[in-house]
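Dear colleague,

Please find the structure below, together with its sequence.

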Amino acid sequence: MPGYAIGGVAVGEGFEQLKKVVRHTAPQLPADKPRYLMGVGYERDILVAVQAGVDMFDCVLPTRNARNANAFTPTGQMRLRNAGFARDGSVIDPACDCAACGGGFSRSYLRHLFMAKEMLGPILVSLHNLRHFQRFLLDIRRAIADNGWSLVTERWPVASE
Ligand SMILES: [Zn+2]
């Protein structure tokens, strides 16, 4: 086979079950073929799977959560509809270089877009969430290359178990 998929842990099994299945299954698949974990997931799920030997992922979370005004950050999700953001002039994540954060779109403006049902809100938060996971996986690639996993756990507390 050109690659191998692992499925069945992305429909409500929970973190402990995912960890158990992935740590058991991934090492038994050929090391020279891509291993793909279907429909996963949150940052800590991805980190556990990569450390077990998984190479690829796909997931709706970044865009589905963005459509519901939930922005991913290194310390957890931010619910932009919350009233607390009504006067928050900071961007979602100052360390992020996405179109929303790098473009200077504030949390209060993003909240306004969602409250007004403006399509630009879900678009900007989707761009942010996708970039969030790209940046997370870039750090994971660096950690693999340098065998330096402390970088990931320091910069991405949300991925800690
Ligand atoms: Zn961003």
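**Findings**

Alanine 69 is buried, since 20 other C-beta atoms lie within 10 Å; a residue is called buried at 20 or more such atoms within 10 Å of its own C-beta atom, exposed at 12 or fewer, and partly exposed in between, with C-beta atoms placed from the backbone. Although alanine 69 is not a glycine, its phi is positive, at about 70°. The residue sits in the loop between α3 (61–67) and β4 (70–73). Helices (H or I, at least four residues) and strands (E, at least two) are DSSP runs, numbered from the N terminus.

The model is a predicted one: local features need pLDDT of at least 70, side-chain atom pairs count only at pLDDT 80 or more, and totals for chains, interfaces and linings use all residues. Residue numbers start from 1 along each chain, as its sequence is written.

**Other backbone features**

Most residues other than glycine have a negative phi, and most peptide bonds are trans. Asparagine 147 has a positive phi near 50° and is likewise a residue other than glycine. Its place is the loop between α6 and α7 (150–155). Asparagine 147 counts as exposed, with 6 C-beta neighbours inside 10 Å. A cis peptide bond, with omega near 0°, leads from valine 40 to glycine 41. Glycine 41 belongs to the loop between β2 and α2 (43–52).

**Overall arrangement**

The protein has 7 helices and 5 strands, which follow one another along the sequence as β-α-β-α-β-α-β-β-α-α-α-α. Its C-alpha trace spans about 50 × 30 × 25 Å along the principal axes. Of its 161 residues, 32% count as buried. Two residues are in contact if their C-beta atoms, placed from the backbone, lie within 7 Å. Among contacts between residues at least 6 apart in sequence, 52% join residues at least 24 apart.

There are two domains: domain 1 covers 4–60 + 133–159, and domain 2 covers 62–129. These bounds come from an automatic or database domain assignment. The domain centres, taken over C-alpha atoms, are 25 Å apart. Between the domains, 8 residues of domain 1 are in contact with 8 residues of domain 2. On the side of domain 1 that touches domain 2, the residues divide into 6 nonpolar, no polar and 2 charged. Here Ala, Val, Leu, Ile, Met, Phe, Trp, Tyr, Cys and Pro count as nonpolar, Asp, Glu, Lys and Arg as charged, and the others, Gly among them, as polar.

**The sheet**

An open sheet is formed by 3 strands in the order β1-β2-β3, with parallel pairing. Two strands pair if DSSP finds at least two bridges between them. Strand β2 (residues 35–37) runs parallel to β3 and is joined to β3 by 2 bridges. Leucine 37 stands opposite phenylalanine 57 in β3.

**Helix α5**

Which residues of helix α5 (residues 107–115) are buried? They are Arg107, Leu110 and Arg111. Seen down the axis of α5, these buried residues fall within an arc of 100°, so they line one face of the helix; the arc is that of the directions from the helix axis to the C-beta atoms. An α-helix has 3.6 residues a turn, so residues three or four places apart point the same way. The buried residues of α5 pack against α4 (99–102) and α6 (120–146).

With kind regards
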